[in-house]
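Look through the sequence and the model first.

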Amino acid sequence: MVDNGPVCPICKGMGYVREDVPLGHPHFGKVFVCACQQLKFEARRMASLLAVSNLEAMERFTFDTFKPDGVALTEEMRRSLNNAFEAARGFAAEPQGWLVLAGGHGCGKTHLAVAIANERLRRGCPALFVVVPDLLDHLRAAFAPNSPVTYDQRFDAIRNAPLLIMDDLGSHSSTEWAKEKLFQIFNYRYNARLPTVITTDQALEAVDPRLRSRLADPDLVVTCAIVARDFRGSGADQTGYELSSLSLHSDQTFETFSLRAKELNSQQAGSLQQALSFARNYAAAPEDWLVLSGSYGCGKTHLAAAIANQRVQEGHPALFVVVPDLLDHLRATYAPGSPVPYDKRFEQVRNAPLLVLDDLGTQSATPWAQEKLYQILDYRYNARLPTVITLADVGKVDERLKSRLFDLGRCTRLWIEAPSYRGSEARAYKARGRSQ
């Protein structure tokens, strides 16, 4: 005989009860599931959720193992990480409303999200942690004939989880089905005011507008933007972007920029001085677009890199990329083994807080390349996102982009009249100095 434990004194092991109510009462004669069975059902439901969470593999992610001061961070980076740490710890103690942890890859947001889940479980409270693409996979799997749970059961368990932690919003494929399911979950939990934690590396502008309206509600949502660089120290450089080539221009700063006073005439020197002044001012407070034009080697790339280097040094994210390389990075996402989906890479570029596009016009003028560049720059133009562009020949730029480059209300265009710095007397003298 199998021992099923003590028999419930109320239902006598039957699992169902009738309430002792007088004739005419709404519950008279009706059968209800006994509380003992409800507890068993809830236990099975939570066991299923924990299996989905896979938290056993992430036991090491706790508040005690987190480094709130990071490693070799600027003051602004350290402050943003500390603020997120304190917000996460406070949320774990008393989950209320929504907490959004936003930042680049490896900045610590997932560690904090898992730490919240582990802390709630330590206190004996249920929590569901799930990566957004995995969440959608679990929902799809419930349609299978041999699934142990129905789709409705799985969807309802996720939607009504006492605490739901959704990691990596924006890393999923943006199909209409995926958008619909996420909206249903978000909308339900928003209306029910259920405690929710969300991590994302996307700017709010890149999120589905239906989700964005809920994430932007200050009465319910607390957002912590983490500007710390990657803890893991691999993949991305200190800019926070894997495709950024700024590390190759680390020596190009405002301090190392030469005005070449002894080799230029007054007009050439004046244009160079004006470009330097504008670039410095732009780096202090980036707004709208700055376009640096001039012949190859005149110094425009140096100034563009100096802007990005200063922003990164001050703890702000900046994406510096040569235009042909950018298109190669986008094409590479189509490969079957690509670790990054196209949508995610495209949105990362389109919504970068500061985007520096070097050598616009040197890319292959294929219809696909023109379309991608137009989509990126048209979006940034309309959203008025800070953008720096260098180009040698505006004649090689798509006509649709020219209209934006010539809009003086949103774009400052500077022509550097200085000749190429490469091979100049000043460069030769500098090279001799290094070799001595």
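In this predicted model, glutamate 119 and arginine 122 form a salt bridge, with the closest N and O atoms 2.7 Å apart. Side chains of opposite charge can pair when their charged atoms come close. Both residues belong to helix H3 (residues 109-122), where they are three residues apart and therefore separated by about one helical turn. An α-helix has 3.6 residues a turn, so residues three or four places apart point the same way. Are the two partners buried or exposed? Glutamate 119 has a relative accessible area of 15%. Buried means under 20%, so glutamate 119 is buried. Arginine 122 has 61% relative accessibility and counts as exposed.

Glutamate 180 meets lysine 181 through their side chains, at 3.4 Å from N to O. Here glutamate 180 is partly exposed, at 38% relative accessibility, whereas lysine 181 is buried, at 8%. Glutamate 314 and arginine 311 are also joined by a salt bridge, with an N to O distance of 3.8 Å. Glutamate 314 counts as partly exposed at 34% relative accessibility, and arginine 311 is buried, with a relative accessible area of 12%. Salt bridges can also share partners: Asp69, Glu75, Arg78 and Arg79 are joined in this way into one network. The count of salt bridges in the model comes to 21.

The next topic is burial along a helix. Which residues of helix H4 (residues 132-141) are buried? They are Val132, Leu135, Leu136 and Leu139. These residues lie on the same side of H4, because they cover an arc of only 95° around the axis. Among the elements that cover the buried residues of H4 are strand S4 (128-131) and strand S5 (164-169). Helix H5 (151-159) and helix H6 (176-192) are also included in this cover.

The last topic is a pair of helices. Two packed helices are described by the angle between their axes and the distance between the axes. Helix H10 (residues 323-332) packs with helix H11 (residues 342-350) at an angle of about 155°, and their axes are 8 Å apart. Angles over 145 degrees count as roughly antiparallel, so H10 is roughly antiparallel to H11. Which residues meet between H10 and H11? From H10 come Leu326, His329 and Leu330, and from H11 come Tyr342, Arg345, Phe346 and Val349. By class, this contact of H10 with H11 has five nonpolar residues, one polar and one charged.

Terms used
Residues are numbered from 1 along each chain as its sequence is written. This is a predicted model: local features need pLDDT of at least 70, side-chain atom pairs count only at pLDDT 80 or more; totals for chains, interfaces and linings use all residues. Side-chain values use heavy atoms; hydrogens and water are left out. Axes are lines fitted to C-alpha atoms, for helices over the stretch in contact, and angles run from 0 to 180 degrees between N-to-C directions. Helices (H or I, at least four residues) and strands (E, at least two) are DSSP runs, numbered from the N terminus. Angles under 35 degrees count as roughly parallel, over 145 as roughly antiparallel, 65 to 115 as roughly perpendicular and the rest as oblique. Contact means heavy atoms within 4.5 Å. Ala, Val, Leu, Ile, Met, Phe, Trp, Tyr, Cys and Pro count as nonpolar, Asp, Glu, Lys and Arg as charged, and the others, Gly among them, as polar. Buried means under 20% relative accessible area, exposed over 50%, partly exposed in between (1.4 Å probe, protein chains only). The arc is that of the directions from the helix axis to the C-beta atoms. A salt bridge is a side-chain nitrogen of Lys or Arg within 4 Å of a carboxyl oxygen of Asp or Glu.
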